[in-house]
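This briefing covers a few local features of one chain. Please look over the sequence and the fold before reading on.

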Amino acid sequence: MTNMKNVPIRALIADDEVLARKFIRRMLKDDREVEVVGECSNGIDTVAMIKKENPHLVFLDVQMPEMNGFAVLESIGPEAWPEVIFTTAYEQYAIRAFELHALDYLLKPFDQARFKDAMKHAKERFRSQDQKEGRFQIGALLESIKNKPQYLDRLLIKAGGRITFLNTDEISWIEADDKYVHLHAGKANPMVRQTLSAMEAQLDPKKFKRIHRSVIVNVGRIKELQPLFNGEHSIHLEDGTKLTLSRNYKDKLFELLGKPL
């Protein structure tokens with residue numbers, strides 16, 4: 001049997017953010033126990049690379065184009081699952097699931113200390129040759145993800161060293177700001193590190209609709225729509241906020257609201 005203590009850990013970096021991949025590669029550059037065998041920026045390439053390179057360890061971004069990190073693992077199958085360190089922006093259900101199943105994760109933006117701690121655990125697991133436990137934990141994670149409530153009723157907001165709760169019904173509209181979103185909920189306007197698309201996927205589409213490439217609205221807060229030029233509309237919310245309904249999103253909103261009488 002091969003002595004695993006003398007085998008370099010073959011690592012794959014799978015993340016759609018260039019800066020995240022560069023940070024991980026830089027952290028591993030001087031680690032003589034680790035050999036980086038490749039990088040991927042989407043789920044489909046990650047599946048292909050895992051099958052080709054058979055890495056021992058994968059830094060796996062939860063939210064990637066084409067196929068998310070959980071779908072990547074399901075495509076690979078349990079017999080071929082490597083050790084996994086999940087990387088993710090703040091997504092409350094996923095993080096609770098990682099902790100519940102004792103799986104390592106790095107919450108973006110992560111620092112050197114947190115990275116080294118995750119690597120220490122990964123090395124201990126790899127050297128122990130106890131792969132069955134890790135596969136069992138990943139399997140339990142995927143099962144819990146499948147069985148989670150389809151849409152969130154409340155969000156956990158992390159700010160100022162505290163975690164607060166925000167019921168989704170309290171949100172009037174959501175505005176994109178690069179890799180962050182502003183949640184407009186009365187006097188509270190928290191900002192969380194998540195893309196608008198990722199936030200949209202967690203909200204009930206019967207209650208929240210994209211009205212612009214950078215805006216989601218709570219349809220229950222819409223008071224009035226006024227036609228504008230070029231097929232656009234002005235949306236007036238109950239609190240007086242005025243938003244623009246892009247013509248590209250008009251049909252989907254009217255499918256939900258119904259046609260004017």
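This is a predicted model: local features need pLDDT of at least 70, side-chain atom pairs count only at pLDDT 80 or more; totals for chains, interfaces and linings use all residues.

Residues are numbered from 1 along each chain as its sequence is written, and side-chain values use heavy atoms, with hydrogens and water left out.

**Strands E1 and E2**
- Strand E1 (residues 9-14) pairs with strand E2 (residues 34-40) in the parallel sense, over six bridges; helices (H or I, at least four residues) and strands (E, at least two) are DSSP runs numbered from the N terminus, and pairing requires at least two DSSP bridges.
- Val 36 in E2 is the residue opposite Ala 11.
- Together with helix H1 (residues 18-28), E1 and E2 form a right-handed β-α-β unit (with the strands pointing away from the viewer, the path from the first strand over the helix to the second runs clockwise).

**Helices H2 and H3**
- The axes of H2 (residues 43-53) and H3 (residues 69-76) come within 9 Å and cross at roughly 35 degrees; axes are lines fitted to C-alpha atoms, for helices over the stretch in contact, and angles run from 0 to 180 degrees between N-to-C directions.
- From H2, Gly 43, Thr 46, Val 47, Ile 50 and Lys 51 meet Val 72, Ser 75 and Ile 76 of H3 (contact means heavy atoms within 4.5 Å).

**Ser 214**
- Ser 214 lies in the loop between strand E11 (208-212) and strand E12 (215-218).
- Beyond its neighbours within four places in sequence, Ser 214 contacts Ile 174, Glu 175, Ala 176 and Leu 196.
- Leu 196 is 18 residues from Ser 214 along the chain, with 7.1 Å between their C-alpha atoms.
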